Amino acid sequence: MEEKELVERLKKGDDLAYREVIRRYGRKMFGLIFSMTKKRDETEEIMQEVFLKVIKHIKDFREDSLFSTWLFRITVNTTLSYMKKKKRKRESLISELKRDEEERIDFEDKEEKGTDETLETEERRKIVQTAIESLPQSYRIAIILKDIEGMPLTEVAKILKLSEGGTKVRLHRARLMLKKKLQPLVEKGKL
Amino acid sequence: MRRKRECKKVLTFLVDYFEGTLDEQISQRFELHILDCDECKKFVETYRKCVEVVKNFEVDIPEELEEKLYTFIKNVLKK
């Protein structure tokens, strides 16, 4: 189904069009929200809130951007305001700092073990996930949208409401932070 | 000193280089510098590998959540 047709059907309240949106973008939305909340129940709650907004505002969508850009902008904004409401920003920062410390030790452990074997898939996944989650929120969003979800830079910039230049800077800094964390394992060919 | 300046420039071009949006002339200069500078070569290689590792990272949506969401949406649309 072409995007234009999808949007028309969404505007008509066709539930199968919504099913298509879940099929196309659900995984990306889940990944993005979960990376910010780190809680599955909250992620579910936010996804429902996002769809409520889509249902309410789809008639106002003027198609001057891609539907996915519009959807992810709602996703990011809804998640941020949800977290603000829950006053979790502060808590999350504290736990991030704690986790950073634990993670540092964890990385050092991995280093010290120094086995020649490559890490198991699940273990690799966990290491990358922890590294991504340790990024400041705005950097994390940029990395998820651009590098993991493969969105064009122009779309990422629109979602983040940043200039393209600003988005590049954010992306570059985020990558440097990840590089710092993953480098020891990458250099040893373990990732 | 001049080399250091060139190294610094390499850093600012990385995102565009990997996007493939770097001006051809600058891109060639970038590649020439990388060939000539071991430090930058190593840096760019690790940077590229880290980006690849992250790109391969995928999150799956729990299957039952898709159904749950769809049921939720249908109920909202019915109202």
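Buried area is the accessible area (1.4 Å probe) that two parts lose on being put together, summed over both. This is a predicted model, where local features need pLDDT of at least 70, side-chain atom pairs count only at pLDDT 80 or more, and totals for chains, interfaces and linings use all residues. Residues are numbered from 1 along each chain as its sequence is written, chains are lettered from A, and side-chain values use heavy atoms, without hydrogens and water.

Reader: What is the area buried between chain A and chain B?

Author: Let's start with who touches whom, taking contact as heavy atoms within 4.5 Å. On chain A, 39 residues are in contact with 33 residues of chain B. Carbon and sulfur atoms give 72% of the buried area, which is about 3,700 Å².

Reader: Which residue of chain A meets B:Glu64 in a salt bridge?

Author: A salt bridge here is a side-chain nitrogen of Lys or Arg within 4 Å of a carboxyl oxygen of Asp or Glu. Five are found across this interface. With B:Glu64, at 2.9 Å from N to O, the partner is A:Arg40.

Reader: Is A:His172 buried or exposed?

Author: Across in chain B, A:His172 is in contact with B:Leu11, B:Leu14, B:Val15 and B:Tyr47, leaving aside its neighbours within four places in sequence. Buried means under 20% relative accessible area and exposed over 50%, with partly exposed in between (1.4 Å probe, protein chains only). Because its relative accessibility is 14%, A:His172 counts as buried.
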